[in-house]
Structure formats: C-alpha cells, structure tokens
Amino acid sequence: MYLKAKFMAFTTSLSMSFLSKLFHDIGITAGLLCERGWAERNAGNLSVRLSEVPSLPGPRRFILPVKPEFEEGTSLLITAAGARMRDLIRHPEKDIVVLSFHAGQQEAMLYGLPDQEPSSELLTHLLVHQMLYTNHPEETVLLHAHVTELIAMSHHPNICEEQGMNDILLRMHAETLFFLPEGIAYPDFGIPGSMALAETTARAMMKHKVCIWPKHGALASGPNIQEAFDRLDIVAKAARIWLQCKAAGFVPAGISQDEMTQLKAAYFPHQFTAF
C-alpha cells in the first residue's frame, strides 16, 4: 500500500495534466510498437528529459556509467530494465524509473520501485540526451524499437553504408524527404549497450533525428513521444515499400533526381539553393 501511495504522489511534483498526457502517450506508443511487431519480449525503450523531479518510491543512490553535464534538477524518465511494452500499455507508471542528476557528479538519485533499475540502453540514452540538451534542447524524447523492416534492410549485403541506405529510403516515398530532409543515420554495427554504440549514436544524432542500428533496430528523437514514434514509422514505411517491391519481383524505380529536385524546391523554397 505504501508503494502505491508513493506512485499516486507522483502527481504532486508535476502537473496532473502533464503527467496524464505523458503516461497516456507512453501507453499509446507502447501499444503501437506491439501492434507493429517492433517490441518482442522486453525489446524497446524510451526516455523523456524533464526539468522537475517527480515523486516516486525512493530515492536511492545510483552510480551512472558516465558523468553527464546536466543542470541541477534535470531528471530523466526512462523505462526500467526488462520492462515489456505490452505492460506499459496498461500501467506505464509501474515500469519506469526516474534519474535525478546532480551537476558535475557521476552519482544520481534513482526513483522507482526497489527492484527496478534503468534500461540496459541507459548509456546511449545518457550520451544522446546530453548532446541534445546542449545542441537541440527542444528534442526531449528518445524512442528505441526493433523496427522489423529496417533490420531486414540492414541484412542486405549491398546496403552497407549511410549514403546507400539514404539513396533508397529517401526515394521510396515523398513524405520521407519532407519530414526527414537531413536523411537517416546509418553507422556501423555496434554492441547493444556499449560505449562505442552510445558514442557513435550521439555523434550521428547531432545531424539526424533517426539512427538505424544495423541488425538491431533504430532510435529516434522527438520533442514529444508521438513525434519520435512518427519518425520511426515514416522510415519504416519507406523500407516496407522497398521490401514489398523486391518481394514482388522488381527493383523499385524510386523518386528520380529530377523529381527530388522538384520536391526540394516545393518543400524547402527558402533553402533550395543549399541543395
């Protein structure tokens, strides 16, 4: 009963409307990931950077894998290790933890149920959020999922670098260019949860909003959870079109260079000279 009461107290430090919407959006997004088949078992995770520290069970000391440079009072809501998206649909507040950072320290205060710790992808979330906090502060959400279509494409022996992946994805569907004109990051394969993958992803997300992890999945940023999901969904749609054309027995023509020029002029008239 005590822990349930502490969960209810979450609403005392952040507005009810904000929390209600946040948990609603987490639940909806978790449902969409399951519906798409992008969240088998405990696959996928998400994090939201906050400017307040919510009231949850705890706190207890937690040693971070790196020393982030957030302002005092910054906190990070992140899915708990082992959390299943299918459970987040019903009770998102029970499968998240919150880290409250102290400026200049590698130790944080961890809020959440006693047996919960942050996602195994915490290192990537920390490094990417640190980069976003400094360079793109409006991007406060990260969403990782095992996007089937993108994993499938990454197994193709002839698509082994970023330019090749973008040449396909940006030309499959006009909306991809509109919403992701900077293209999609496609670094080399990395070990999940490793420092190498975290650092590579943080560099990639400096210029991109979606990063494909070969043979693993993808990570998207966004100003909110819906937008982060939409970015994954847009790229997955482009990949699905390509895969379906190949499955039908033909190589898709894709949007031609002349058509790309026309789209850029229409979408970005004030930036057209930069292309």
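These are legends for a handful of close-up views of one predicted model.

Residue numbers start at 1 along each chain as its sequence is written.

**View 1. T176 sits in helix α7.** The helix covers residues 174–179; helices (H or I, at least four residues) and strands (E, at least two) are DSSP runs, numbered from the N terminus. T176 counts as buried because its relative accessibility is 0%. For this label, buried means under 20% relative accessible area, exposed means over 50%, and partly exposed is in between (1.4 Å probe, protein chains only). Setting aside neighbours within four places in sequence, T176 has contacts with L169, L170, P181, I234 and A238, where contact means heavy atoms within 4.5 Å.

**View 2. Here is the second largest pocket, with about 240 Å³ of space.** A pocket is found on a 1 Å grid over the protein atoms alone: it is an open set of points where a 1.4 Å probe fits, with protein on both sides within 12 Å along at least five of seven lines, and lining residues have an atom within 4 Å of a point. Grid points are joined across faces, edges and corners, and the volume is the space filled by probe spheres set on the points. Of the 14 lining residues, Q163, N166, D167, L170 and G183 lie nearest the centre. The lining splits into 5 nonpolar, 4 polar and 5 charged residues; Ala, Val, Leu, Ile, Met, Phe, Trp, Tyr, Cys and Pro count as nonpolar, Asp, Glu, Lys and Arg as charged, and the others, Gly among them, as polar.

**View 3. The largest nonpolar core takes in 53 residues.** Such a core is a set of buried Ala, Val, Leu, Ile, Met, Phe, Trp, Tyr and Cys residues joined through side-chain atoms within 4.5 Å. L77, L169 and L232 have the most contacts inside this one. Helix α9 (residues 225–247) supplies the largest share of the core, 10 residues. There's also a second, separate core of 29 residues, which includes L126, L142, A202 and W213.

**View 4. A202 belongs to helix α8 (residues 195–204).** With 11% relative accessibility, A202 counts as buried. Not counting residues up to four places away in sequence, A202 touches L127, V128 and M131. The C-alpha atom of P223, 21 residues away along the chain, is 17 Å from that of A202.

**View 5. C211 is in no disulfide.** A disulfide is a pair of cysteine sulfur atoms within 2.5 Å, and a search of the whole structure turns up 0 of them. For C211, the nearest cysteine sulfur is that of C160, 16 Å away. C211 counts as buried at 0% relative accessibility, and C245 counts as buried at 13%.

View 6. R41 lies in the loop between α2 (16–36) and β1, and at 54% relative accessibility R41 counts as exposed. The loop holding K215 runs between β7 (210–213) and β8 (217–222), and K215 counts as partly exposed at 47% relative accessibility.

Terms used: Predicted model: local features only at pLDDT ≥ 70, side-chain atom pairs only at ≥ 80, totals over all residues. Heavy atoms only, no water.
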